[in-house]
Amino acid sequence: MAPNGDSTLPPEPHKIFDTILVLDFGSQYTHLITRRLRELNIYSEMLPCTQKIADLDWKPVGVILSGGPYSVYEQGAPHVDPAVFDLDVPVLGICYGLQELAWRIADTNVAAGTKREYGHAQVKVTKHGGEQAKVDRLFEGLEEDMVVWMSHGDKLSGLPKGFVTIAETGNSPFAGIASVEKPWFGIQFHPEVTHTKKGTQLIKNFAKNICKAKDDWTMAAFVDKEIARIRALVGEKGQVIGAVSGGVDSTVAAKLMHEAIGDRFHAVLVDNGVMRLNEAKIVHETLTKGLGVNLTVVDASERFLNKLKGIKDDPERKRKVIGNTFIEVFQEKAKEIAAAAHGSPKEGEIEWLLQGTLYPDVIESISFKGPSATIKTHHNVGGLLEGMHLKLIEPLRELFKDEVRELGTKLGIPEDLVWRHPFPGPGLAIRIIGEVTPEQVRIAQEADHIFIEEIRKAGLYRDISQAYAALLPVKAVGVMGDKRVHAQVIALRAVQTTDFMTADVYPFEMKFLSNVSTRIVNEVDGVCRVVYEITSKPPGTIEME
């Protein structure tokens, strides 16, 4: 049911497109399953493994059970709702998902592995043919010997009743199994990671050949249906105020909203005092002159910085403070806009707040008892005020970053905007480790500006997914102008990623880093050292806090 009980609204994507449901048991790779399906133009959504099937108002065409860090036989281990197996749809268990499938048939089918299996492995595929040919569908078109990626300690100790073996390794005799009677399959390896050669083909076999899912998930189809959904949701007279930052997410969301309701969309940029150097001015020119969006800039920098005073070692509190203050400012601005348009803040009051929430934001902010924990609170997902007057409208909520860029291109947004590096909602506040002060903001802004400028000059900007300079909460000794100084340390960070759920550090040449370091130390007052942060995600996150 849509908000306000309006059942006439256009349905959500999972009710329009054939959808594969991915149930997450806490694996670091789970989101990649959804990504691979989307890349195949097959719509997929990821939900926690604790999801009750009875609570869904839609039915998937297939279910994938992800991997996870637990042992199915241990007390307190997460288990899927048994109703999954009553949906009468194909099921594929991956790693822990395989063990969950087998354990539900008989708890003796899974035991602790005597030899762990991590990294590449050679899988031998068993073909059956004849009356059992349908069990071969998962590996259809693939070689009988495959290089795959393993990451498990437990394994099947026996073949579940009613199943046959369809793949094996030297360590795992039941590396792939299939039910003879039902469209249930299980594999011990991870087809979603790039280390598994032909893994995407296997996922395609399951989704298209076994689940019969249509590959009609495209940005062109999404645009038409989302514009129709927005118009129905907002109504003929409803107005929306937009949370615009100038980043690709909010820019695409703003353009989409403008396409849907025109001048009834009011874009607002809140200068929170922790933006990049000259950001407010640049964004205003970009959106008004470049895209024709009617944008209002609200300078609330002093208000934000005052509220951040004294917060030194609690990044979650920083995010909550910034998220809550954002909503306060937006609610105030919404009343001002309504009053200016209608002479009264009550008449024609704005009801809706646009935000550029993405699917990774949603995934990382989900917390449920068992396999997953909140990594961090995103200001536009879990950091909002209770009792907020404005209702959220998030047209990009089901999309990954690369899908948003594709959508932006479809909407005619210039390439330099579509490919702009992401900037977090809490801004430099989570790149300044420790207390946020005007002086710390100045240092972080100037260092970041130099770093990005040098990246662009070197022609590396499109090769890097996100880059920034962070300010560490330590001081180091240096020698500048024949004098001993005790100044701050800048940490540079640059990563490559396609979905922002995992990321690798960018391998700069030392000459480049040395040049950036020299410029920052020479040009940014208060800095005497520069380091390059090389932690991947996981175990780190892309942002510092």
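Predicted model: local features only at pLDDT ≥ 70, side-chain atom pairs only at ≥ 80, totals over all residues.
1. Start with the annotation. An unreviewed UniProt entry marks a "binding site" over Ser245, Gly246, Gly247, Val248, Asp249, Ser250 and Thr251. Two of these residues are followed below.

2. Val248 belongs to helix α6, which covers residues 248-261. Its relative accessibility is 2%, so Val248 counts as buried. Setting aside neighbours within four places in sequence, Val248 contacts Lys401, Val404, Arg405, Leu417, Val418 and Arg420.

3. Ser250 also sits in helix α6. Ser250 counts as buried because its relative accessibility is 6%, and the cut-off is under 20%. Residues up to four places away in sequence aside, Ser250 touches Ala243, Val244 and Ser245. A polar atom of the Ser250 side chain lies 3.3 Å from the backbone nitrogen of Gly246.

4. Now helix α7, residues 279-291. This helix has 13 residues and reaches 17 Å from first C-alpha to last, close to the expected 18 Å. Just after α7, Gly292 takes a positive phi of about 70 degrees.

5. Which residues of α7 are buried? They are Glu279, Ala280, Val283, Leu287 and Leu291. They cover an arc of only 95 degrees around the axis, so they lie on the same side of α7. An α-helix has 3.6 residues a turn, so residues three or four places apart point the same way.

6. What covers the buried residues of α7? The cover includes α6, β13 (265-271), β14 (295-299) and α12 (415-418). On the face turned away from the buried side, α7 carries the exposed residues Lys281 and Lys289.

Notes: Residues numbered from 1 in each chain as written. Heavy atoms only, no water. UniProt positions renumbered as here; feature names shortened; annotations may be inferred. Helix = DSSP H or I, 4+ residues; strand = E, 2+ residues; numbered from the N terminus. Buried < 20%, exposed > 50% of the residue type's maximum accessible area, 1.4 Å probe, protein only. Contact = heavy atoms within 4.5 Å. Polar contact = N/O pair within 3.5 Å; in protein donor to acceptor, adjacent residues only side chain to side chain. Expected span 1.5 Å × (residues − 1). Arc of directions from axis to C-beta.
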